[in-house]
Structures are given as structure tokens and as C-alpha cells.
Amino acid sequence: MTDQKTREIPAAVTLTKAAEARVAELMSKAPEGAIGVKLSTPRRGCSGLAYSVDYVSEEVKFDEKIATPGGTFYIDGASVLYLVGSTMDWVEDDFTAGFVFENPNAKGACGCGESFMV
């Protein structure tokens with residue numbers, strides 16, 4: 001037998017502390033049967049792809065799984081290529097609250113910020 005070294009592969013998306021706290025908050029009031037929160041990039045909007053964060057009730061074979069202090073965060077396997085190197089943050093101000101993405105793969109976005117293209 002040969003000695004093999006295992007290298008830790010960085011997650012496709014980095015969650016800020018605020019995003020991790022929001023995942024924990026979501027999981028604290030998750031519907032029965034939810035095992036985590038999942039990020040995907042469905043086709044939507046003027047630019048083609050949008051960010052979608054939803055509860056997930058079962059693991060899917062090719063989804064990426066990230067353990068956070070507040071619960072498991074999944075990334076849709078078909079979306080990983082569009083998200084590699086991204087940072088996900090949770091931002092709140094007096095008028096809005098939501099996840100914000102810094103995505104180095106996005107080549108443009110629509111004017112309303114609903115969607116992006118790669």
C-alpha cells in the first residue's frame with residue numbers, strides 16, 4: 001500500500017459570517033423534514049441565471065455540501081460551475097434584506113439585479 005495524501009478542496013462558495021448566521025436562523029425555523037438550505041441558479045430574468053436559496057429535504061447525488069455552524073448548506077450540482085469562487089453575504093438595511101453574491105464568473109447582470117450571465 002502506498003501512502004496517499006488527501007488535499008482539502010475549498011468550497012465552491014464562501015459564506016460570510018452574516019450569511020452563516022442567516023442560514024442558522026433559517027434552519028432554526030425550517031419546515032419539518034428540511035435538512036439544509038440550498039443555493040441554485042435557475043434560468044430566469046433578462047440575463048439568463050438567477051440566484052435561488054431554498055430549503056432542501058433530501059440530498060442529491062452531485063450537490064456540494066458545506067457544513068456551517070448553523071446547519072448544512074448545499075449547492076446545486078448543476079450550478080457549481082457558475083458559482084466557483086463566489087462569496088455569499090447577508091445584507092440588511094432599513095429597507096431591504098437579502099443574500100448578496102460576489103461572483104467572479106458573472107459577465108454581466110440585468111439592470112434590476114434579478115439575474116446574471118456567465
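**From one arginine to the core**

In this predicted model, Arg 22 counts as buried because its relative accessibility is 17%, which falls under the 20% cut-off for that class. Arg 22 sits in helix α1, which spans residues 17–28, and, leaving aside residues up to four places away in sequence, Arg 22 touches Lys 29, Trp 90 and Phe 99.

Helix α1 lies across β1, β6 and β7, running at about 70° to β6. These strands form an open sheet of three strands in the order β1-β6-β7, with mixed pairing; β1 (13–15) and β7 (97–102) are the edge strands, each pairing on one side only, and neighbouring strands are turned by 30° against each other on average, direction ignored. Strand β6, residues 86–92, runs antiparallel to β7 and is joined to it by six bridges, and within this pair Met 88 has Phe 101 of β7 as its bridge partner.

Met 88 also belongs to the largest nonpolar core, a set of 18 residues in which Val 13, Leu 39, Phe 73, Ile 75, Met 88 and Phe 99 have the most contacts. At least two residues of this core come from each of β1, α1, β2 (36–40), β5 (71–75), α2 (80–83), β6 and β7, and the largest share, four residues, is supplied by α1. Leu 39 shows how such contacts reach across the chain: not counting residues up to four places away in sequence, Leu 39 touches, among others, Val 13, Tyr 51, Val 53, Phe 73, Ile 75, Leu 83, Met 88 and Phe 101.

Terms used:
Residues numbered from 1 in each chain as written. Predicted model: local features only at pLDDT ≥ 70, side-chain atom pairs only at ≥ 80, totals over all residues. Heavy atoms only, no water. Buried < 20%, exposed > 50% of the residue type's maximum accessible area, 1.4 Å probe, protein only. Contact = heavy atoms within 4.5 Å. Pairing = 2+ DSSP bridges. Axes fitted to C-alpha atoms, helices over the stretch in contact; angles between N-to-C directions. Core = buried A, V, L, I, M, F, W, Y, C linked by side-chain atoms within 4.5 Å.
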